[in-house]
Amino acid sequence: MDASALKGRRVVVGVGGGIAAYKACELVRELGRAGAEVRVAMTEAARQFVTPLTFQALSGHPVLTDYFDPAQEGNFGHLDLARWAEAYVVAPATADLLARLRAGLGNDAVTTSLLAFRGPVVVAPAMNVAMWDNERTQENVAVLLASPRFSAVGPGAGMLACGDVGAGRLAEVRDIVEAVAARLETGPLHGRHVLVSAGPTREYLDPVRFISNPSTGKMGMALAQQARALGARVTVVLGPVGPVDRTGLDVVDVESAEDMAREVLSRVESVDVFISTAAVSDWRPETRAPQKVKKGETPETLRLVRTPDVLLEASRRVASAARRPLLVGFAAETEHVLRHAREKLERKGLDAIVANDVTAPGAGFGTETNRVTLLTRAGAEQVFEGTKRDVARSLLAALFVARAPPVG
Ligand code: CTP
């Protein structure tokens, strides 16, 4: 576990009223062990499970339990706590507490201090499996996570305290500590805005048929998550893909190449880095029928027209900008991989390109692993292979960590 980001950092643990409240004791202790300074706020229900005295002893600070208590408010009240904290972790986040957070209520020490807090919040839900599965709970969590300030860890699945089996267990304490550390990391991309295009596009010929390709967006999402882990603010313009981890990312969903071009071009001038991993369809049907085309009406040939080259247009748009973003392309090739990739780097005016032989075993569309060569404008060549996550980490390290960041 890498919890070094916690050293000397100020973390509030907001304890909700569930049986897992006793595990929050261990969380406070482990955060402290990792070097964080910890203060605790408790809901009234939480006090039914663990006494404030326990948390006071573990954190070394008085615990905020009652925002109507003049003694507590006069000493270190909910606003002081919110101003003091660099990260806020809610554990256990019960169904009721999540609902109140989602609604923006402020009716106890946890919700009032959280309402006044502007930084990153990690929620660690724990409850009975049926309560977790409940539509309202799921909706509340989804709404909270739509804010880039909020992230969730868990719940885990297994035997619950109530005897039921399923999702609802508080995440392991070390996973919660790691999630808090991740939110406090000030990596080499801190303060930078990274734009990533990912996934395929769909070019419809009628409401039920389209031209596309097998891209799953995995490489792009891995890069997006790693850029975020290095401290960047990350926006992903994402074509249609299956479920992907969107935690902490600002994701703009698109369908066609034209949608993707519009969303990328409206942002590219204001970002620091644009990484173009999308497998944009190069053609679209010339016309899109408003209704399903019947078999008998099918034309013998389909007339296609070119779609915008998103990366090329982005490159042209920023070519003369005073603050030009770093442009990184991908080249999906099946032969003469490096030659074609370098030609694309030149033609599209890029700073670097990632050459990908999509026919190689363990590489290309939909695989969990990849093998790529990073080519830079300056002529350097480096090969990386492993899981897409490892490759993403190595690529970003080569671009931004191994030497002084080439942007800004
Ligand atoms: N790209 C893009 N828009 C397109 C086509 C490609 O933004 N319409 C981007 C890809 O995201 C990638 C790079 O351009 O970063 C190269 O994509 P690739 O499909 O390998 O090359 P193409 O330019 O389409 O050339 P070709 O299909 O002839 O190999």
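Predicted model: local features only at pLDDT ≥ 70, side-chain atom pairs only at ≥ 80, totals over all residues.
**Entry 1: the whole chain**

Along its principal axes the C-alpha trace spans about 75 × 55 × 40 Å, and the accessible surface of the chain comes to about 19,200 Å², with 51% of it belonging to carbon and sulfur atoms. I also looked at contacts between residues at least 6 apart in sequence, and found that 67% of them join residues at least 24 apart.

**Entry 2: helix α1**

Next I turned to helix α1, which runs through residues 21-33 and has 13 residues. From its first C-alpha to its last, α1 reaches 19 Å, and I noted that this is close to the 18 Å expected at 1.5 Å a residue.

Which residues of α1 are buried? I listed Ala21, Ala24, Cys25, Leu27, Val28 and Leu31. These residues cover an arc of only 165° around the axis, which puts them on the same side of α1. To understand such a pattern, I reminded myself that an α-helix has 3.6 residues a turn, so residues three or four places apart point the same way. On the face of α1 turned away from the buried side, I found the exposed residues Tyr22 and Arg33.

I then asked what the buried residues of α1 pack against. Their partners are the strands β1 (10-15), β2 (37-42) and β3 (87-93), together with the helices α2 (52-59) and α9 (173-184). After the helix comes Gly35, and I wrote down that its phi is positive, near 100°.

**Entry 3: helix α10 and Gln225**

Helix α10 covers residues 218-229, and its 12 residues reach 16 Å from the first C-alpha to the last, close to the 16 Å expected at 1.5 Å a residue. Why is α10 described as largely enclosed by the rest of the structure? It is because nine of its 12 residues are buried; among them are Met219, Met221, Leu223 and Gln226. The buried residues of α10 pack against the strands β8 (193-198), β11 (233-238), β13 (273-276), β16 (326-333) and β18 (369-376), and also against the helix α14 (388-401). Gly231 follows α10, and its phi is positive, near 105°.

Leaving aside its neighbours within four places in sequence, I found Gln225 in contact with Asp245, Arg246, Thr247 and Leu249.

**Entry 4: around the ligand**

Finally I looked at the ligand, which has 14 residues around it, and noted that Ser276, Ala278, Phe330, Lys344 and Lys348 come nearest. An oxygen atom of the ligand lies 2.7 Å from a polar backbone atom of Ala278, and an oxygen atom of the ligand is also 3.2 Å from an N or O atom in the side chain of Asp282. For Pro308, I recorded that a backbone N or O atom is 3.0 Å from a nitrogen atom of the ligand. How much of the ligand's surface does the protein bury? Taken alone the ligand exposes 560 Å², and the protein buries 78% of that.

Technical notes:
Residues numbered from 1 in each chain as written. Heavy atoms only, no water. Helix = DSSP H or I, 4+ residues; strand = E, 2+ residues; numbered from the N terminus. Expected span 1.5 Å × (residues − 1). Buried < 20%, exposed > 50% of the residue type's maximum accessible area, 1.4 Å probe, protein only. Arc of directions from axis to C-beta. Contact = heavy atoms within 4.5 Å. Near = heavy atom within 4 Å. Polar contact = N/O pair within 3.5 Å; in protein donor to acceptor, adjacent residues only side chain to side chain. Areas by Shrake-Rupley, 256 points an atom, 1.4 Å probe, with all protein chains shown as cover.
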